[in-house]
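Visitor: I have a protein model open and I am new to this. Could you show me how to read it, one feature after another?

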Amino acid sequence: MYAVSKEIHFCYGHRLLNHQGKCRHLHGHNAKAVIRLETEQLDALGMVCDFSDIGDYVKSWIEKTLDHNMLLHRDDPVLPLLQQAGESVYVMQTNPTAENIARLIYEYVEAGGFPVVEVAIFETDSALASYRRNS
């Protein structure tokens with residue numbers, strides 16, 4: 001099995017509904033997404049995937065969708081206030097945890113036809129969450 005990984009750095013804000021700790025407040029992170037691709041067969045150039053292909057595909061979407069954006073659950077009571085104020089908000093169907101952000105990116109990469117096996121999000125330098133499908 002061959003594998004490559006691509007890192008994408010971005011910033012986002014969020015808060016977690018029904019959380020009892022500090023994460024219940026609006027706050028932000030400097031995140032790193034690590035996208036891991038695997039395949040048994042290399043392409044004609046001897047690659048799993050050209051790093052620039054996966055990088056350009058994911059980075060452009062993250063910059064438009066997540067980077068410097070407030071990620072909020074659709075039921076967050078502050079959502080209408082931020083939208084009325086013209087703030088940039090990405091509405092999620094789930095709580096915007098690192099785990100759910102990893103799944104969101106995974107599904108985007110998968111939809112692009114890349115052989116993604118895992119997406120990990122470093123919410124901080126020491127806190128990592130990831131998503132991978134069951135085999």
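**Reading the fold, step by step**

Guide: Let's start with a hairpin: β5 and β6 are joined by one, through two residues. Helices (H or I, at least four residues) and strands (E, at least two) are DSSP runs, numbered from the N terminus. Before we go on, please note that this is a predicted model, in which local features need pLDDT of at least 70, side-chain atom pairs count only at pLDDT 80 or more, and totals for chains, interfaces and linings use all residues. Residues are numbered from 1 along each chain as its sequence is written, and side-chain values use heavy atoms, with hydrogens and water left out.

Visitor: How many helices and strands does the protein chain have?

Guide: There are three helices and six strands in the protein chain. Along the sequence they follow the pattern β-β-α-β-α-β-α-β-β. The C-alpha atoms fill a box of roughly 50 × 30 × 25 Å, taken along the principal axes.

Visitor: In what order do the strands of the sheet stand?

Guide: Two strands pair if DSSP finds at least two bridges between them. Here six strands form an open sheet with mixed pairing, in the order β4-β3-β1-β2-β5-β6. Because β4 and β6 each have a single partner strand, they stand at the edges, and one side of each is left without a neighbour in the sheet. On average, neighbouring strands of this sheet are turned by 35° against each other, direction ignored.

Visitor: Which strands pair in parallel, and which antiparallel?

Guide: Let's walk across the sheet. β3 and β4 are parallel, with four bridges, and H73 has M92 in β4 as its bridge partner. β1 and β3 also run parallel, joined by three bridges; there, G13 is partnered by M70 in β3. β1 and β2 are antiparallel over 13 bridges, and H14 stands opposite H27 in β2. β2 and β5 run antiparallel with six bridges, where V34 has A120 in β5 as its partner. Finally, β5 and β6 pair in the antiparallel sense over five bridges, with V119 partnered by Y131 in β6.

Visitor: Now the helices. What span should helix α1 have?

Guide: The expected span of a helix is 1.5 Å times one less than its number of residues. For the 15 residues of α1 (residues 51-65) that gives 21 Å, and the end C-alpha atoms are 21 Å apart, which agrees.

Visitor: Which residues of α1 are buried, and which are exposed?

Guide: Buried means under 20% relative accessible area and exposed over 50%, with partly exposed in between (1.4 Å probe, protein chains only). In α1, the buried residues are I54, G55, V58, W61, I62 and T65. They cover an arc of only 155° around the axis, which puts them on the same side of α1; the arc is that of the directions from the helix axis to the C-beta atoms. On the other side of α1, D56 and K64 are exposed. As a general idea, an α-helix has 3.6 residues a turn, so residues three or four places apart point the same way.

Visitor: What do the buried residues of α1 pack against?

Guide: They pack against β1 (2-14), β2 (27-39), β3 (69-73), β4 (89-92) and α3 (98-111). Contact means heavy atoms within 4.5 Å.

Visitor: Which residues have the most contacts inside the largest nonpolar core?

Guide: A nonpolar core is a set of buried Ala, Val, Leu, Ile, Met, Phe, Trp, Tyr and Cys residues joined through side-chain atoms within 4.5 Å. The largest one has 30 residues, and F10, I35, L37 and I105 have the most contacts inside it. Two or more residues come from each of β1, β2, α1, α3, β5 (116-124) and β6 (127-131). α3 gives the most to this core, with seven residues. Apart from it lies another core, of six residues, among them M70, L72, V78 and L79.

Visitor: Is C49 buried or exposed?

Guide: C49 counts as buried, because its relative accessibility is 9%. You will find C49 in the loop between β2 and α1. Leaving aside neighbours within four places in sequence, C49 is in contact with L37, I54 and F114.

Key: Axes fitted to C-alpha atoms, helices over the stretch in contact; angles between N-to-C directions.
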